[in-house]
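Please read these notes with the structure open beside you.

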Amino acid sequence: MAGARAAAASSAGSSASSGTPQPQEPGLGELLEEFSRTQYRAKDCSGTGGSKVERIEKRCLELFGRDYCYSVIQNVNGDICGHYPQHIVFLEYESSEKEKDTFQSTVQVSKLQDLVNRSKTARCRGRFVCPVILFKGKHICRSATLAGWGELYGRTGYNYIFSGGADDAWADAEDVTEEDCVLRSSDTHLFDKVRGYDIKLLRYLSVKYICDLMVENKKVKFGMNVTSSEKVDKAQRYADFTLLSIPYPGCEFFKEYKDRDYVAEGLIFNWKQDYVDAPLSIPDFLTCSLNIDWSQYQSWDLVQQTQNYLKLLLSIINSDDDSGLLVHCISGWDRTPLFISLLRLSLWADGLIHASLKPAEILYLTVAYDWFLFGHMLVDRLSKGEEIFFFCFNFLKHIISEEFSALKIQRRKSLPARDAGFTVEDICMLRRKDRGSTSSLGSDFSLVMEISPGAAGSFTYETVELVPAGAHTQAAWRKSHSSSPQSVFWNRPQPSEDRLPSHQALVEAKSSSSSSSNHSDNFFRLGSSPLEVPKPRLTALSERETRLQEVRSAFLAAYSSTVGLRAAAPSPSGAIGLLEQFVRGVGLRGTGSSTL
């Protein structure tokens, strides 16, 4: 494994280029066509068949090189990992054009390569800890979870006999139970050695926080523990790290999302399933500033859960220390890219990373690098209706508000405590008994409050128009059971606009100070609010909203014309049909707020 240094994408990708004239830069449509056709494999990229993939990867290097100086770890033919990029980017520091001409690496590439090579067997499918985002000098990393006894023995034996990049298959060795392994004299030494290298790599990258998205402590297949995790390491090898167990539904759950015509509001994971044994566990010092009732996590719907986890991750990387973050699930190619991609787009929208990239460019980069080149199996997921990939980019509409901005977190830390009096948001959060009568029309204003049963114990109030009570004006929640044990639904009457963004829905969302809050979509608003809400100010935060809307708009347009048409056909009123109407209608008329 040879290391390469790059100050710009042209130098980094020179090994993959030929003497022929460079073709036109690949666009998002071409990328999605390739993505929906086959799963990426590093070993399949050599020869003429891999020309498209090489162009995609070279384009990613060029986009990284716009704002960063970086080194490259070569993974040609999948020598390190069969479903990691052939050119793994190690971002070193932000740079200007002048600095790229005098690039000097700040890392010992040979040491990093050695740690990667030695530590890869510690994690499932050889998917080692890999830095993918650089923010405030901190590395945000991704990986799979820790390998269990069966895979570790199978893989180490396989790698001892053979060499090369066929490390992406599960071990075919004879099933070995944990009890049998304990009897072997070298077992503990093997785990100490392999996981010791994994810990050395984490420390080399200055990673302190490890966020585990698994809903189980160990993944069990055929009655055998095939994976483990840091939180259940019996020898407490990872005790020096800050471990967070933030269980998040796997890709199977997103079939429920598709079956509900791509409506995530009210879709709640069934936490009572037998295999779910990993509770939410977050150190108190990381939650005190977030104002989230974490004890209610099992009652959150998919929107609330994703929002709250993203807030947590943003808070961690915005902390004052210099420590990095690792995010992983089981294999690291479904839930992991979901949050890595949301982090990258959210920080970019704030102008804090990839500052020179346009919306179409950052969208291309995150789809290509975070999803495609790290092995997300889109073809398989589409065939099963498990559309976590689509959910990721459609979800951007839920994180446009200030509460998801890293700039807000930085300002909150820098501003001194002060008594600012009551704001609209403060008034909306007052308890009933503090507001006085809500039925008196003689007061300055009156409020009608609705409480979502999907977030029991966490009260969120929104203002609605005072109208005579009736069945047609109430938010009439009801609990129902799905055909799958994966989910429990909280249903409510929804206008057709909830299925597809419209100009009217966008205006309503903009007029509410909590349109993207944890419970923003858990209410059915009738008419306008009797409480006057100030118009949004033209600040950097409105730029964030515009940027994320443009990214989502571009994704929906490309997805509907390529991947969406290949997916299993939904009902005529389903999301794909609506996406097509969106593209034919207002979707391509502009990139402003009126398109979403």
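1. Two strands count as paired if DSSP finds at least two bridges between them. Helices (H or I, at least four residues) and strands (E, at least two) are DSSP runs, numbered from the N terminus. By that rule, β6 and β9 pair in the parallel sense over 4 bridges.

2. A word on the source of the model. This is a predicted model, in which local features need pLDDT of at least 70 and side-chain atom pairs count only at pLDDT 80 or more, while totals for chains, interfaces and linings use all residues. Residues are numbered from 1 along each chain as its sequence is written, and side-chain values use heavy atoms, with hydrogens and water left out.

3. Overall, the protein has 21 helices and 13 strands. Of its 596 residues, 56% are buried; buried means under 20% relative accessible area, exposed means over 50%, and partly exposed lies in between (1.4 Å probe, protein chains only). Contact means heavy atoms within 4.5 Å. Among contacts with a separation of 6 or more, 77% join residues 24 or more positions apart.

4. Next, the sheet. Five strands form an open sheet in the order β4-β5-β11-β6-β9, with mixed pairing. β4 (130–135) and β9 (242–245) stand at the edges with a single partner strand each, so one side of each has no neighbour in the sheet. On average, neighbouring strands here are turned by 20° against each other, direction ignored. Axes are lines fitted to C-alpha atoms, for helices over the stretch in contact, and angles run from 0 to 180 degrees between N-to-C directions.

5. Look at β6 within this sheet. Strand β6 (residues 207–212) pairs with strand β11 (residues 324–328) in the parallel sense, over 5 bridges. Which residue of β11 is the bridge partner of Asp-212? The partner is His-328. Tyr-209 stands opposite Leu-325 in β11, and the bridge partner of Tyr-209 in β9 is Thr-242. Because 5 of the 6 residues of β6 are buried, this strand is largely enclosed by the rest of the structure.

6. Helix α10 (residues 302–317) and helix α11 (residues 335–349) have axes that come within 11 Å and cross at roughly 65°. Residues making the contact include Tyr-309 and Leu-313 of α10, and Phe-339 and Leu-343 of α11. The contact residues divide into 9 nonpolar, 2 polar and no charged. Here Ala, Val, Leu, Ile, Met, Phe, Trp, Tyr, Cys and Pro count as nonpolar, Asp, Glu, Lys and Arg as charged, and the others, Gly among them, as polar.

7. Is Glu-34 buried or exposed? Glu-34, in helix α2 (residues 28–37), is buried, with a relative accessible area of 4%. Apart from neighbours within four places in sequence, Glu-34 is in contact with Lys-52, Val-53, Ile-56 and Phe-372. Val-53 and Ile-56 are among the buried residues of α3.

8. Helix α3 (residues 51–64) has 14 residues and reaches 20 Å from its first C-alpha to its last. That is close to the expected 20 Å, the expected span being 1.5 Å times one less than the number of residues.

9. Ser-542 is found in helix α19 (residues 540–561) and is partly exposed, with a relative accessible area of 25%. The C-alpha atoms of Ser-542 and Asp-350 are separated by 9.9 Å, although these residues are 192 apart along the chain.
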